[in-house]
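Here is a quick walk through one model, written for someone who would rather look at side chains than read tables. Keep the viewer open as you go.

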Amino acid sequence: MTVKATAHHPAAHGEHAHSDVDYLHEKTTVLSWIVTLDHKRLGILYLASTLLMFFIGGIFALLVRTELLLPGRTIMGPHEYNQAFSLHGAIMVFLFIIPSIPGALGNFFLPIMLGAKDVAFPRLNLLSYYIYVLGAAVAIFSLIDGAVDTGWTFYTPYSQTTSASVIAMTLAAFILGFSSILTGVNFIATVHKLRAPGLHWKRLPLFVWGTYATAVIQVLATPVLAITLLLLMMEKVLSVGIFDPRLGGDPVLFQHFFWFYSHPAVYIMILPGMAIVNEIIATFSRRKIFGYMFVAMSSVALALLGFLVWGHHMFVAGMSEYATMVFSALTFLVAIPSGVKVFNWTATLYNGSISFQSPMLYGLGFIVLFTIGGLTGLFLGTLSVDVHLHDTYFVVAHFHYVMVGGTVIGFVGGLHYWWPKMTGKLYDERLAKIAFMLVFTGFNMTFLTQFVLGSQGMPRRYYDYLDHFQPLHGFSSAGSYVLGLGFMIMAVMFAMSLFRGKKSPPNPWGSAGFEWATSSPPIMHNFHHTPVIDRGPYDYHLATEEELWDGFPEELEASAHDAPAHVSKLGRDVSDEVSTKRAVVEGVAPSASDESAGANEGEESSDEGSESDHDGDQDEDGDDEEASDESKKPSDEEE
Amino acid sequence: MEEEYLDATIQMPEQASTLAPMVDSLYYDIFWISVVFFVAIVGAMVWFAVQFRRRPGVTSKPPGHHNALELFWTFSPLILLAYMFHEGFLGFMHMSVPPADSINVRVHAKQWHWEFEYPNGATEAELWVPEHQPVRLIMGSQDVLHSFFVPALRVKRDIVPGMYTSLWFEPTRRGVHDIFCTEYCGANPANDALSAEALNVNGRPQESAGHSGMLSRLHIVSRAEWNEHVNDLIAKPEDLTWPQWGEQLFGSSGCPACHVVQPGAAHTTGPNLANVVGYPQPLEGGGEAAADIEYMRRSLREPQADIVRTFTTASMPAQTMHEVQLDAIVAYLASISDRGQPVVQQVETLHAE
């Protein structure tokens, strides 16, 4: 990628004379945040909101696991437990997983990866965020109002007989759906209309492909949820018989409607996670994703197949045997694009140059956990075996491997990966690795155990259980505490980074991805001038040494000038390339503005530097990201 | 014959039906296929990660085009997938078609209680079946969704209000197995106040715990034992009086979950049933009913017909038990009313022979 000047550049430069200031410092008033139209700030707002919801949902998860630590009453009564697991599910699904990656990381990086200044409809983007906030507020209200106890699925007729807060919670999900739809519309338009010159579809970063496929599902499937929940509310408030057999309705119809949205929603959740993993694996292997078009198309295939398999949630629900046959067969087809992704990620590592910094640990962890999640799906897609496993802990474990082991691990990996770009700060790599080990270990302790619980016949959504399930439940709960501890350490690590992290160079991981070409944090308009894309985001063999430089631009310049026989991290003598590259860039205005930006950054970095000198802990692994020739060494040590 | 059916393993509970070995063998096929894929993928990942770790002087190589490889791993798994789908579907169809010589047992599911009705009309809260006899369960729900699940049989089917669902199995081993409800069916908020001892007795969750307490047992016995058991259900035990037998049935039918029987005690979900028989009952919608034997029978069979005033929020499930069992419960309720003696005598003379 070249951040070349466009023909009309000088005029553009004149207009944006102030735009060297990064997006965090452009304006700092509270008002400038709450009415911002900037996709990056909205990404940060989404990030903060969804992380808060993740925290609340996580508290409910730990309450549920604590209740299940021992048989009988442990810390709460049966109805309270039903509320706890319902809220865990509803908050995690509707308020965290679905909006998290598209809303936070998608908003932030999709336009930058496309070389655009913003999304196609910035005001719609702001509206979408406030609809999300409204939905969250209604959900919190339902919590205070006497929380739902229906599970996140609101199955009828139980949801028609239980407390009134079902209306508040379904209303929240209804509102949140619109936020999701607006984000989807915005992303589709952005990808179609705002790609930088030279960024044709075969060069699109795979994160964009994944987010695009997600957006298509959001736009097509979410209205069905809205209709379903509206019908549910109509029945509950107006007693119009739709789902309740006492009013002449059909409870199984609700399940069809619900899963017609909620199965595609599973792909709304997992596709962005997969999309992030593509970026991580490419960056830390320094290699183009193997079978790029197959991986891109597999996202589209998953998005389309996702619409055809909702019936596999209902194999024992009283559907026709022939319908189950069709749904089972279609369900197995989902394994194909999922397998294609996993095979290609593994093949990408081959002949790569792999480093094991924290985002890559999450990337590799994702492959392991998603593989387990995917393979256990085979048991559930098989009709006769599903009869035994349906609605047991096997299902709970399976979807947590996909949703947490997949989406959350992908999201957290993406957060580590892009954190320096979003905040302009580096974090303590050692703490990050400790947190990863705890999260990975705790997660497997919690959920691997649940596969066995489920195949032994332990049903899900049980407040209490027979004594012989206790050892496995106890171990699973212990694992959830390890998992919780891992997330707490991660939170501390990120908080430390915010307050005293070292300043990040523009490209700390040495990635060829487009988003790393701008400064960290990005300037208000992302790029000084619309970039012209002349290679793919993973073409490490085409990227110049300057583009892969994981240090501060001024240091590259210094080393290029001061050390004629400079040897790059890649072990080649690149002095010629660097000077050639600089010759290409020379004379065009961006380099001039880059220099002024560089000077600006230089001042800041000296401030930061003096702060971080006091912090000896961070230095060892901090070297990883630090702009120096030594950056290749720590990864060797990790072997 | 018995050797085919395995004891519990680490992954699976013991096999107690003819369906179990079929399900398990496919389960283990998929398990080993998964293990092979997992080891291959993660093994390759670890190997590549170590082999191609970042080293000075070594750069990554850009991937070329490998359409053949891509097509290979896109389409070759279809063979295994087709095998799993096919076997699973055959098994499912086998589970869906009950043999012609099955006996029918009706299952009535209600929050949070099971009731099983045998061909002779007798009902009870635990299911007894004769071994090597195909049994078909015809299931209905009186309130919300439930699901009948016996891990040892490898059968499960949702029970949907407003329609009948069914499943069948042929039990193969004598013994006692657990029956679970696997479709979430809620809990009574009022029961949060109950003590730990009331929610779980001797390691078994109670019906007051809601969904997780909707537990029962499956007894697989010899045919002779089964015949005797089913007939005994509708014959008053000789050592008990009618009210005593009724008290037993009152307990085993789940009535105490909603009704207290201490005179003067505050009512719970349903009315306090002490001193009801023989006293006029104020009805919802006006009027009174004399609580005679006919009224009591009707209140059990059709609880929504004459609702005692103010008890409109919770709906009592209809009792589908045999009429002899029903009369025993009426006799019990009469015996705990100071005006109930005539009704007790009425029941005794009615079933005198």
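Where in chain A is the place of Pro521(A)? Pro521(A) sits in the loop between helix 16 (470–500) and helix 17 (545–548) of chain A.

## Before you start

This is a predicted model, so to speak of local features we need pLDDT of at least 70, side-chain atom pairs count only at pLDDT 80 or more, and totals for chains, interfaces and linings use all residues. Residues are numbered from 1 along each chain as its sequence is written, chains are lettered from A and ligands numbered from 1 in the order in which they are written, and side-chain values use heavy atoms, with hydrogens and water left out.

## Chain A at a glance

Chain A has 22 helices and zero strands; helices (H or I, at least four residues) and strands (E, at least two) are DSSP runs, numbered from the N terminus. Of the 639 residues in chain A, 66% are buried. Buried means under 20% relative accessible area, exposed over 50%, and partly exposed in between (1.4 Å probe, protein chains only).

Take the contacts in chain A between residues at least 6 apart in sequence: 81% of them join residues at least 24 apart. Contact here means heavy atoms within 4.5 Å.

Most residues other than glycine have a negative phi, and most peptide bonds are trans. Back to Pro521(A): the bond joining Ser520(A) to Pro521(A) is a cis peptide, with omega about -10°. Asn526(A) is found in the loop between helix 16 and helix 17 of chain A, and its phi is near 70°, a positive value in a residue other than glycine. Asn526(A) is also buried, at 0% relative accessible area.

There is another cis peptide bond from Thr156(A) to Pro157(A), with omega near -5°. Pro157(A) lies in the loop between helix 5 (122–144) and helix 6 (158–161) of chain A. Arg286(A) is not a glycine, yet has a positive phi of about 55°. Look for Arg286(A) in the loop between helix 9 (251–285) and helix 10 of chain A, where this arginine is buried with a relative accessible area of 3%.

## Helix packing

Two packed helices are described by the angle between their axes and the distance between the axes. Helix 10 (residues 292–305) and helix 11 (residues 321–349), both of chain A, pack at about 155° with axes 9 Å apart. Axes are lines fitted to C-alpha atoms, for helices over the stretch in contact, and angles run from 0 to 180 degrees between N-to-C directions. That makes helix 10 of chain A roughly antiparallel to helix 11 of chain A (under 35 degrees counts as roughly parallel, over 145 as roughly antiparallel, 65 to 115 as roughly perpendicular and the rest as oblique). Residues making the contact include Phe294(A), Ser298(A) and Leu302(A) of helix 10 and Val334(A), Pro337(A) and Lys341(A) of helix 11.

Helix 11 of chain A also packs with helix 1 (residues 19–51) of chain B, at about 25° and with axes 8 Å apart. These two helices, helix 11 of chain A and helix 1 of chain B, are therefore roughly parallel. By class, the contact has eight nonpolar, one polar and no charged residues. For that count, Ala, Val, Leu, Ile, Met, Phe, Trp, Tyr, Cys and Pro are nonpolar, Asp, Glu, Lys and Arg are charged, and the others, Gly among them, are polar.

## The cores

The largest nonpolar core has 253 residues, and those with the most contacts inside it include Phe94(A), Trp418(A), Trp114(B) and Phe148(B). A nonpolar core is a set of buried Ala, Val, Leu, Ile, Met, Phe, Trp, Tyr and Cys residues joined through side-chain atoms within 4.5 Å. Helix 4 (residues 78–113) of chain A gives the largest share of this core, 21 residues. A second, separate core of 31 residues includes Trp242(B), Trp245(B), Cys255(B) and Ala331(B).

His88(A) is in helix 4 of chain A and, at 18% relative accessibility, counts as buried. Leaving aside neighbours within four places in sequence, His88(A) is in contact with Gly57(A), Phe60(A), Ala61(A) and His400(A).

Val324(B) is in helix 8 (residues 323–335) of chain B and is buried, with a relative accessible area of 12%. Beyond its neighbours within four places in sequence, Val324(B) is in contact with Ile234(B), Trp242(B), Trp245(B) and His351(B).
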